[in-house]
Amino acid sequence: MAIQVIEGYREVAPAKRAEGEAVVFDANGVYYRQLNDAIRDAVASGVRHVIVENANGQRYIGAGLRVPDLRIEVRGTAGNDLAAFMDGPAVEVFGNAQDGVGNTMASGKVVVHGDAGDVLGYGMRGGRVFVRGDVGYRVGIHMKAYENLVPIVVCGGKARDFFGEYMAGGMLVLLGMNTQFPNDPVAGSFLGTGMHGGVIYVRGEVEPWQCGKEVGIAPADDEDYKALRPVLEDYCGSLGVDLDEVLAVPFTRIAPMSHRPYGKMYAYL
Amino acid sequence: MSATRPRYAEEAPFKIHGGCGLAGICDESGKVMSGEQIILAMAVQRDRGNGLGGGFAGYGIYPEFPDHFAFHLMYHDEHAREQTEALLAEHCVVDLAEPMPTRPVKGVCDAPLLWRYFLKPLPGEIERLELSEEDMVVRLVMTINATVDGAFVASSGKNMGVFKGVGFPEEIGHFYRLEEYEGHTWTGHNRFPTNTPGWWGGAHPFALLDWTIVHNGEISAYGINSRYLEQFGYKCTLGTDTEVAAYLFDLMLRRHGLPLELACTALAAPLWSDIDRMPPEKRELMRSLRAVYGPAMLNGPFAIILGFNGGMVALNDRIKLRPLVAARAGSIVIVASEEAAIRAVAPNPDAVWMPKAGEPTVARVQGMPWPIHGDLHLTPQQVSCAVLGTEDVCDEAVEVTA
């Protein structure tokens, strides 16, 4: 008896159609490599609006693309390392994103209308990542900034442990609003552990035990709101969130007390 | 050179993503599904393994033999089979012995001899040995694994079975004809061996009685765990760290009668800094638990799914060093390393969430006896009784030797 062989993905090119200016790829059951090849070929031929529909777990969508006016729309669940090393494009996910969104991203913008997974923004060095819902563990780990390259991550839900761990630069914002976990604290433990640059803003309050030893906790002041407001305006505009509601609760600023907390740890001075 | 090079040392000429993948599906209503669902959930996670190990566990799959222990055996040669069957016959009535039904599948080669047996202890045997039925089976499994050269027990529980080998999970699933089985709970694993060889016995799930474990991660505490288990008669013979998790659950849940929540807490113990902030009674409980079950703690990164007759439990290490996503679609609970695996089976689940590190996600089949001590809110005194074996809460630790 012949059996139907069950496959996860097939190594075939995705079906393609036009929708106005946009090119639509049907990712249903298509392996990530063929899908991303098709996206890259389309971009090389001048397409600037790509829609990926029926996405389910395909990795590396938007990864390494360096076209500033490119827009990629993902309908479904984006796989690991969405927009990794991306430099310029805008990616919008109508669904959830798995782990590793914006890994080492250099510039551009990622908007996730659902939840996102662990290690979001790992080593990110520029651009913006906006998430409507909850995020996982180790979000913003090792984010860094240099001159005018300042990465910004805004998470609308709650975050788990190690938010902003080893953070060296940029801005992390946590709102705690659109969450599946109403009874949990807005962030987990080890918030900003090892942090030595950049700033974290949390809507509401955090307890000192939640935070790493290297950070100071203070209510956000006028200077903070001056930096925060344009970011939140962009976030609310991108995701249809009410800015007044976001600003109705005071923010807490978490920032390192020293930019070199371990300067003397391994040195004989 | 290539002729003598061990298979497991071969490296692919292309990038290997790695990471191991797992999935579990449980229909809490008890409705059965074929093995195709779990194969599909594993197939979309193919890139998480490298073809050196795939496997599945299914529950409720042998309704024609609900009260027999189903032994799945892997033999290196006929001699191992003869020796093993002699051991089985010494203690058990074997009501059916047959080669495991398989089909040739591209990508699966060098399979050992695969047999299955449906057996019960010989009349009077458990009285003679003064052991419970389960302890007799555990002793038999340990004896076969430790003393018969080239024989390994893949599973030994009632109305369940483990189907595993070297290959990608979907290949292994087709090889074992899993579409012909129907079960209410299934778990699956895609292996990316890191520290130990990729061989048939070393594929996941690891099983003892009806406990099965699929695991992504590595257990750094393997040495301590295995020495601890040896004191209770468990022998770690399969050359892979995950084995200890299966035996630890058997020890804590079946023999010590610990509540599930506490057993999971012993494996993924809260940090001392967290314990210090707990209310006094819970703090005392956690301190006792860490003191008594310190050698049972699984140090290192892990995501595991424990399967058993009656449901499944998914658990992460306490600082979430491996991925795990959970979902509910009607009466079906699905857990997996990636959300894509969940949506491959249930495209629009009612809820999808990432479980908190160290907190078990439990699926429980209605109407099935819950094999696990159910009260999740024991007092420290009651737990001490359970741990110390006073007041008959648990069996005395039985000396089990080969």
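## A tour of chains A and B

Start in β6 of chain A: there A:Lys109 is the bridge partner of A:Ala90. Strands here are DSSP E runs of at least two residues, helices are H or I runs of at least four, and both are numbered from the N terminus. This is a predicted model, in which local features need pLDDT of at least 70 and side-chain atom pairs count only at 80 or more, while totals for chains, interfaces and linings use all residues. Residues are numbered from 1 along each chain as its sequence is written, and chains are lettered from A and ligands numbered from 1 in the order in which they are written.

**The strand pair.** Select residues 87-94 and 107-112 of chain A. These are β5 and β6, parallel strands joined by five bridges. Two strands pair if DSSP finds at least two bridges between them. Strands of a sheet pair through backbone hydrogen bonds, either parallel or antiparallel.

**The whole sheet.** Now widen the selection. Twelve strands of chain A form an open sheet with mixed pairing, in the order β1-β2-β3-β4-β5-β6-β7-β8-β9-β10-β12-β11. Go to the edges: β1 (15-19) and β11 (215-219) of chain A each pair on one side only. From one strand to the next, the twist averages 15°.

**A helix on the sheet.** Select residues 32-44 of chain A. This is α1, which packs on the sheet and touches β1, β2 (22-26) and β3 (49-56) of chain A. The direction of α1 makes about 170° with that of β2(A). Angles run from 0 to 180 degrees between N-to-C directions, with axes fitted to C-alpha atoms, for helices over the stretch in contact.

**All of chain A.** Zoom out. Chain A has three helices and twelve strands. Its C-alpha atoms fill a box of roughly 70 × 50 × 45 Å along the principal axes. Of its 269 residues, 53% are buried (20 or more other C-beta atoms within 10 Å of the residue's own, with C-beta atoms placed from the backbone).

**Chain B.** Chain B holds twelve helices and 18 strands. Buried residues make up 54% of its 402 residues.

**Where the chains meet.** Show both chains. 23 residues of chain B are in contact with 21 residues of chain A (C-beta atoms, placed from the backbone, within 7 Å). On the chain B side, α1 (36-43), α5 (169-175), α11 (339-345) and β17 (351-353) give two or more residues each.

Note on methods
Two residues are in contact if their C-beta atoms, placed from the backbone, lie within 7 Å. A residue is buried if 20 or more other C-beta atoms lie within 10 Å of its own, exposed if 12 or fewer, and partly exposed in between; C-beta atoms are placed from the backbone.
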